[in-house]
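Q: Could you walk me through this model, with the cut-offs spelled out as we go?

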Amino acid sequence: MSVNQLSSANSRSKLQLWLSSCALVVAVGTVAAVLAVRYNSDLLRPLIQAGVPVAAAADWPVVGYAVQEAETPVISVQQLKQLIDSKASNYLLVDVRTPDEYKLSHIPGSVLVSLIDIQQGKGIEQIQSMLKGRQLVAYCTSGKRSARALVLLQHAGIKGTKVQGGIKAWTEEINPSLPRNGW
């Protein structure tokens, strides 16, 4: 083997190693991004607001549900407080946490319809019977369960809005005197 052939083989080997390393970094980064989005679908909101067509991935396995959750409209706890203080009657505030969490603390004026009940279908019927043309606003502890509930409800033809940050944000920003459920 000549020096030129050896040098060429060595360069190919380095290039192959570099390309393999790049592929590994891309694969690990992609998996990490998918897991992060599945855990916190709100990470997709800036992309949606920037006009990136993430809705095309709404039917994809793994990330599709996160895309649907991220497309759910949101209301801040400050906006919800203004709505409550206005004495408006055109909304239904639903807490989708467990009965025990609701008993410990809840946002005034809310009704309990747990995510489990919504997943089983009876919660969908409850909300339909209470809604009566009003706007649905849902919350949980931080926003994950309410986003999931709203996706399920949307599949049943009921649109709603999620309280950004849930009762955790409400307790931190609006009413610190509410008991906390260990968060």
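This is a predicted model: local features need pLDDT of at least 70, side-chain atom pairs count only at pLDDT 80 or more; totals for chains, interfaces and linings use all residues.

Q: OK, how many salt bridges does the structure hold?
A: The structure holds four salt bridges, a salt bridge being a side-chain nitrogen of Lys or Arg within 4 Å of a carboxyl oxygen of Asp or Glu.

Q: Which residue does Arg97 meet in a salt bridge?

A: The partner of Arg97 is Asp95, with 2.7 Å from N to O. Asp95 belongs to strand E2, residues 91–95, where helices (H or I, at least four residues) and strands (E, at least two) are DSSP runs numbered from the N terminus.

Q: Are Arg97 and Asp95 buried or exposed?
A: Arg97 is buried, with a relative accessible area of 1%, and Asp95 is buried as well, at 0%. Buried means under 20% relative accessible area, exposed over 50%, and partly exposed in between, with a 1.4 Å probe and protein chains only.

Q: What else does the side chain of Asp95 join up with in a polar contact?
A: The side chain of Tyr139 makes a polar contact of 2.8 Å with that of Asp95. Such a contact is a pair of N or O atoms within 3.5 Å; within protein, one must be able to donate a hydrogen and the other to accept it, and residues adjacent in sequence count only if both atoms are side-chain atoms. Beyond its neighbours within four places in sequence, Asp95 is in contact (heavy atoms within 4.5 Å) with residues including Tyr102, His106, Val111 and Tyr139.

Q: And where do Arg145 and Glu101 lie?
A: Arg145 and Glu101 form a salt bridge through their side chains, at 2.9 Å from N to O. Arg145 lies in helix H8 (residues 144–155) and Glu101 in helix H5 (residues 99–104), so this pair ties together parts that are 44 residues apart in sequence. Arg145 is partly exposed at 23% relative accessibility, whereas Glu101 is buried at 17%.

Q: Which residues of H4 are buried, then?
A: In helix H4 (residues 77–85) the buried residues are Val77, Leu80, Leu83 and Ile84. Down the axis of H4 they fall within an arc of 115°, taken from the directions from the helix axis to the C-beta atoms, so they line one face of the helix.

Q: What covers the buried residues of H4?
A: The cover includes strands E1 (74–75), E2, E4 (135–139) and E5 (160–163), together with helix H9 (166–173). Turning to H9, its buried residues are Gly166, Ile167, Ala169, Trp170 and Thr171, and what covers them includes H4, E4 and E5.

Q: Changing topic, which residues make the nonpolar surface patch?
A: Leu15, Trp18 and Leu19 make a nonpolar surface patch of about 340 Å². Leu15 is found in helix H1 (residues 3–39) and is partly exposed, with a relative accessible area of 48%. Patches are made of residues with over 30% relative accessible area and no salt bridge, like charges being joined within 9 Å and nonpolar side chains (Val, Leu, Ile, Met, Phe, Trp, Tyr) within 5 Å.

Technical notes: Residues are numbered from 1 along each chain as its sequence is written. Side-chain values use heavy atoms; hydrogens and water are left out. Accessible areas come from the Shrake-Rupley method with a 1.4 Å probe; for residues, only the protein chains shown count as cover.
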